[in-house]
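Please open the model in your viewer and keep the selection tool at hand. The stops below are meant to be taken in order.

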Number of protein chains: 2
Amino acid sequence: MARRPTIRDVAARAGVHPGTASRALNPALPGRIAAATALRVRTAAEELGYTPDPTARSLRTRRSGVVGVVVPDLTNPVLPPIVRGVEETLWAAGIACLVADTDNDPAREAVAVRELLARRCEGLVIATATRASATVRALAGADPPAVLVTRDVEDAGLPFVAGDDAGGVEAAAHHLLHLGHRRIAYLAGPPDLSTTVTRRAAVERAFADADLVVASARTYGIADGREAARDLLASAPRPTAILAGNDMLALGVYEALAEAGLRCPADVSVAGHNDMPLVDRLDPPLTTVAIPRAEIGVAAARVLLDRMAGGGDGGGPRRTLLPTRLVLRGSTGPPQAAASRARGLG
Amino acid sequence: MARRPTIRDVAARAGVHPGTASRALNPALPGRIAAATALRVRTAAEELGYTPDPTARSLRTRRSGVVGVVVPDLTNPVLPPIVRGVEETLWAAGIACLVADTDNDPAREAVAVRELLARRCEGLVIATATRASATVRALAGADPPAVLVTRDVEDAGLPFVAGDDAGGVEAAAHHLLHLGHRRIAYLAGPPDLSTTVTRRAAVERAFADADLVVASARTYGIADGREAARDLLASAPRPTAILAGNDMLALGVYEALAEAGLRCPADVSVAGHNDMPLVDRLDPPLTTVAIPRAEIGVAAARVLLDRMAGGGDGGGPRRTLLPTRLVLRGSTGPPQAAASRARGLG
DNA sequence: CTGAAAGCGCTAACAA
DNA sequence: TTGTTAGCGCTTTCAG
């Protein structure tokens, strides 16, 4: 037998009909099977090394056993742990992941989603959402349920799973206030991402009583962070602390500080967001908000599985925010004035 | 029409037989079609928003349009760019990627491969191979062609795509020799990976005339690198330079140096391999061998596509090694003695 | 060049 | 409990 065995081969070997064999091998199917028959079929299957053809099964059951995972850029260190959490959780549920990388391009996002839908994905995990993404909004109708990860579309009504950014940013802000900082800058990311909006809003709330100035970087990349940080450092009373929208922007701040001959944290404190790998080994080690990356992936997969099972909108909350944690490192310290005062020089 | 349109709907609308419609929409199929008919069918399809059901098509054609990508740990910064290269190249060829993460567990590798084969993958990209992997060796029979990436199984006869590690390591070795180092340590990774063997062999060749001592880390992780580096630093005439099997091990060396109160590169030079993100911002910035990650992914996908098309062993070379590049940074410098001599203190 | 019919491998409904 | 039949949507012979 060169070709791989089919259910008919199994049935023949067990002396039953294919339908019976099918039911025997899949206890979830309706119709109970005599224990003896079931055993016979199962051993026959084992002996033949039978594995059901997922294609044929899908065609019949209309379930592909596949979900699509759309990511903006796998190269962004935040994503792999999330994808891994998604993938492991779904895999454990017998579901495989088609991964598509859009390189942060909305056009490619649209293509990817279309292609994934054409391939009959039973669900979608979307990590690419820009706040205005028409592609994502079109998914709200829930035919294949979709879950948003990390990046939200506020009014699309899709479930959203992420870290509790507001909480993390708030902790960072209080940390800076507690250190004595009053002139503070926030280096926000691009406004088309929900993360930017959420974090920025939290910052503005936390620093309502302080002297806060906000700049926006064009992207969440180091170079754009450096550009924006230059302006911030040039502003009239120079801020004593810069809170960055993410770690990459914080790295841009590091560069701008170096250019300006300023020291961190002596002259300016810096904090980031995400706790990317190796930021604990920078000079100075970066204070940042750690987000539970793997857990976000796991939670997103769970929410998706729920929706896939509970056909429809599911009962869960729209947003699932997992706890973040402020990690204190060497890039934040008391402002110079305060430090001087403490030393009795004020 | 609630359900999604089928080829029969298209055919009906165009007033032709489904078979004809199928041929009209897929010019690659045998049987030429009158231009007028083809146009009619195509517009009908467009109007209905028809997309062929990949499941049904697969069942008929025995081609799934999917390949499996098996990775040891997406969280390892070396992998995402490779996966991305694979994914983009295959996607451009109309092929989607099922990604499976094995968490470096051979048992999970076996399960993943089995599951991917059961799902009728047309090809496999394997980045998990340990040198003795029975799972990988069993793939040599080529029914769904497989390509090994980064980690080879020397005698399995499977195509292998990676960076030219030997060349890179050789460059690093010559760099150290040129700086004046003669007592050198190599911190190798676990011996069950081909990368370890390849790199180590190249080091031994390059330092044939020098005083080389080799230690092996249990894994390619920071902690194990630190352990092994401790021994190295305690050895009788302390090495003036440590070449590490990868950047993580190099970070372990950094930690061991810090513990021992030694400075880098003043007391000991350190070099790594892979040029992971952010190692250029460590203190000191790490000299390392950069590998063309994305290109490796692209090349692997190309090789796989070749094999998938050219049914069988394909004519290409078994190994494709892409050029690596030594990146000089602050972690390597002349040995203390040489430096002293240069300062006229010797 | 197009129509007809069969069938990929499986499972769902219905009969027995 | 098991057999029977039909059909998922598509492509591919084989006729015409």
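Which element supplies the largest share of the surface near DNA strand C? Select α4(A), which gives five residues to that surface, where near means that a C-beta atom, placed from the backbone, lies within 6 Å of the strand, and where helices (H or I, at least four residues) and strands (E, at least two) are DSSP runs numbered from the N terminus. This is a predicted model, in which local features need pLDDT of at least 70 and side-chain atom pairs count only at pLDDT 80 or more, while totals for chains, interfaces and linings use all residues. Residues are numbered from 1 along each chain as its sequence is written, and chains are lettered from A and ligands numbered from 1 in the order in which they are written.

Next, display both chains: 32 residues of chain A are in contact (C-beta atoms, placed from the backbone, within 7 Å) with 32 residues of chain B. On the chain A side, α5(A) gives the most, with seven residues.

Finally, select the open sheet of chain A, whose six strands run in the order β7-β6-β8-β9-β10-β12 with mixed pairing, pairing requiring at least two DSSP bridges between two strands. Its edge strands are β7 (211-216) and β12 (325-327) of chain A, each of which pairs on one side only. Strand β10 (residues 287-290) of chain A pairs with β12(A) in the antiparallel sense over three bridges, and Thr288(A) stands opposite Val327(A) in β12(A).

Conventions
Two residues are in contact if their C-beta atoms, placed from the backbone, lie within 7 Å.
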